[in-house]
Amino acid sequence: MTENICTQCGNKHVIIHRKYNGQRLCSNCFKDSIEKQVLTTIKKEKLVTKGDKVLVGLSGGKDSVALLKILNILKEKNIIELEAVTIDEGISGYREEGVRIARETAAQLNIKHHIISFKDKYNFTIDRIMEEEMKEKNPQHACTYCGVFRRQIFNQIAREVKATKLATGHNLDDETQSILMNYMEGNVNNMVRIGYKTQSSDKRFTQKIKPLRKIPEKEIGLYVLESGFEVHFDGCPYAHESFRMEIGDFLRETTLKHPTMMYSILNGFEKIKPAIKKDYMTKKTGLPNGTCEICGEPASQKICKSCKFLEKIHEKIGE
């Protein structure tokens, strides 16, 4: 009965059947396949080079824990330096557990770890912001604020620790969601920026890399559990309100009937992206980044979006 044995080593204890390529794998062969695929992606796409200092965005969720563990392979081979940063946005009943797991994972791997909270840095929490937003007729979504402030903190910490790369745990599900969302919204500016790594001419931005980009979300969760790491599986309580969640539900349902769908979306996008980017960049007449007059961070206008949000938030909460 070949269907019940590992297609790599013949082990009878199969833990996964990959419908998109027919593989059935035991625990060891599955973990090996994930690590090999990620390390191959890093090499093929030139995501890191020897001597790089990589800062990992470590939430304590499955994606970032898997990413830290795999990048630690390169650290142990003395190819890269590795540090991690966790951002505590102040989401009660959700973020505390992620911070604990992130702290313990970094300690277990002996990786220097930074924890930055919105409360300490900005003197508010996402919960406090949303408490005020929900009084509005058309409230802003939590992701709108969270994304801006998280990006700013990541970039600042990366500069402070002199990281040459900032690694995030974006997986195949995340990437295909981004492709569909931006396509449906006609957001070409965002679409041309989707990829394995960012490309910015502004040296104040540390290059971001996505080594897990070709790994399905479910496989990352299984990889972390099979590797013996504790993981935070709870989703953000504000995520259910988002357009991304709606697209994610659509993709998961479609993939049940068409197992290769997410790879088709990703590979198809990679084929057409150069043409879209070439056309977009030809027409783009934007100015290079300036400097925010308030905080001194890179900004496309006189005042950066973070400072605009800060002013609006402090007016609302009166603090």
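Mentor: The account below begins with the sheet and then turns to a helix and a loop beside it.

This is a predicted model, in which local features need pLDDT of at least 70, side-chain atom pairs count only at pLDDT 80 or more, and totals for chains, interfaces and linings use all residues. Residues are numbered from 1 along each chain as its sequence is written, and side-chain values use heavy atoms, with hydrogens and water left out.

The open sheet is built from 5 strands in the order E5-E4-E3-E6-E7, with parallel pairing. Strand E5 (112-117) and strand E7 (207-209) stand at its edges with a single partner strand each, so one side of each has no neighbour in the sheet. On average, neighbouring strands are turned by 30 degrees against each other, direction ignored. Here strands (E, at least two residues) and helices (H or I, at least four) are DSSP runs numbered from the N terminus, and two strands pair if DSSP finds at least two bridges between them. Axes are lines fitted to C-alpha atoms, for helices over the stretch in contact, and angles run from 0 to 180 degrees between N-to-C directions.

Within the sheet, strand E3 (residues 53-57) and strand E4 (residues 81-88) pair in the parallel sense over 5 bridges. Lysine 53 stands opposite glutamate 81 in E4.

Helix H6 lies across E3, E4, E5, strand E6 (165-167) and E7, and runs at about 150 degrees to E4. Contact means heavy atoms within 4.5 Å. Glutamine 156 belongs to this helix, which spans residues 142-160. Glutamine 156 has a relative accessible area of 14% and is therefore buried; the term buried applies under 20%, exposed over 50% and partly exposed in between, with a 1.4 Å probe and protein chains only. Apart from neighbours within four places in sequence, glutamine 156 is in contact with Lys121 and Glu297.

Glycine 169 lies in the loop between E6 and H7. Glycine 169 counts as buried because its relative accessibility is 14%. Residues up to four places away in sequence not being counted, glycine 169 touches Asp63, Leu67, Asp174 and Leu212. Isoleucine 220 is 51 residues from glycine 169 in sequence, while their C-alpha atoms are 9.7 Å apart in space.
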